Amino acid sequence: MSNLYNMNNKILYGINYLKKTKKKIKNKILILKKNKKPIPYIIIINLNNNFSSNIYIKNKCLHLKYVGIKYKIFNYKIKISNEKLLKLINNLNNNKKINGIIIQLPLPNYLNYSKIINKIHPYKDIDSLNNINIGKLSQNISYIKPCTACGIIKLFNLYKINFIYKNCLIINSSNLIGKPINMELINYKCTATIANSKTKNINTYIKNSNILIIATGKPYKISNKYIKKNSIIIDIGINYINNKICGDIINYSELLLNPNVKYITPVPGGIGPITISIFLKNILKLYSYHNKN
């Protein structure tokens, strides 16, 4: 019984925070409706038709519907040119009824990531990924922050985990995940290192890290013998294996039993709900900005 209790105390759940966040936002939307005010309204642009993207969008829409935020999805199952997409984003930027825009990543290879992401107005950029918002994150002066990066800090704070001054390894170097997390952790005085598929001797980095953040985009095994004492492991991935949704870490059960692991996130139910919470809060912040007068 005590072993089961100890294991349960290791698991960092985000679902309760999401429930509280949704309840607060739903009440705010109801007050807006009661007072006949405009309702937050966002656009989701989906240019992929892969499992992960569809799961992310489906989850987002369920939560948006629950709290009462209006949304519209632009699904492109056939190729759209850079020019047409940039024109669409420009029209959405100029539409005063629209408070936020999301482009589901990753983009197809033929599209120009930099031009498209940076076409979104900084105060409609829900994911906070264009150059202006990332620049503000690097200076720690952001109005809104990238959802996953902000979500990790929120999770640590919820569980009163002391992460400041710790060594952190992020196994992901993307603009969406790795780089924003790196910046946010540095803002909080962590020593953050980014690894990628070309990193040599990655176990050397793992054994010297207090915090491991895994977002490989595919099943990944962390060797138990390299886990440092009192390690924190954050799994950001999502996969569909044997008809079950799981994270990137395929030996989660082994790590849960490892005495050197102090905390670990499950998939589903870990960092995902926190990320959704920040996503919803970002929409409310952008709505407030557009309706401040």
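On a 1 Å grid over the protein atoms alone, a cavity is a set of points where a 1.4 Å probe fits but cannot get out, and its lining residues have an atom within 4 Å of a point. Its volume is the space filled by probe spheres set on the points, which are joined across faces, edges and corners.

This is a predicted model, in which local features need pLDDT of at least 70 and side-chain atom pairs count only at pLDDT 80 or more, while totals for chains, interfaces and linings use all residues. Residues are numbered from 1 along each chain as its sequence is written, and side-chain values use heavy atoms, with hydrogens and water left out.

| Cavity | Volume | Lining residues |
|---|---|---|
| Largest | about 40 Å³ | Ile-101, Ile-102, Ile-103, Ile-117, Ile-120, Asp-125, Asp-127 and Leu-129 |

Strand β3 (residues 100–103) contributes three residues to the lining of the largest cavity, the most of any element, where a strand is a DSSP run of E with at least two residues and a helix one of H or I with at least four, numbered from the N terminus. If Ala, Val, Leu, Ile, Met, Phe, Trp, Tyr, Cys and Pro count as nonpolar, Asp, Glu, Lys and Arg as charged, and the others, Gly among them, as polar, the lining of the largest cavity has six nonpolar, no polar and two charged residues, whereas that of the second largest cavity has four nonpolar, one polar and one charged.

Turning to a helix, 14 of the 20 residues of α11 are buried (under 20% relative accessible area, with a 1.4 Å probe and protein chains only), so α11 is largely enclosed by the rest of the structure.

Note on methods. Buried < 20%, exposed > 50% of the residue type's maximum accessible area, 1.4 Å probe, protein only. 1 Å grid on protein atoms, 1.4 Å probe; cavity = no way out; pocket = protein on both sides within 12 Å on 5 of 7 lines; lining within 4 Å.
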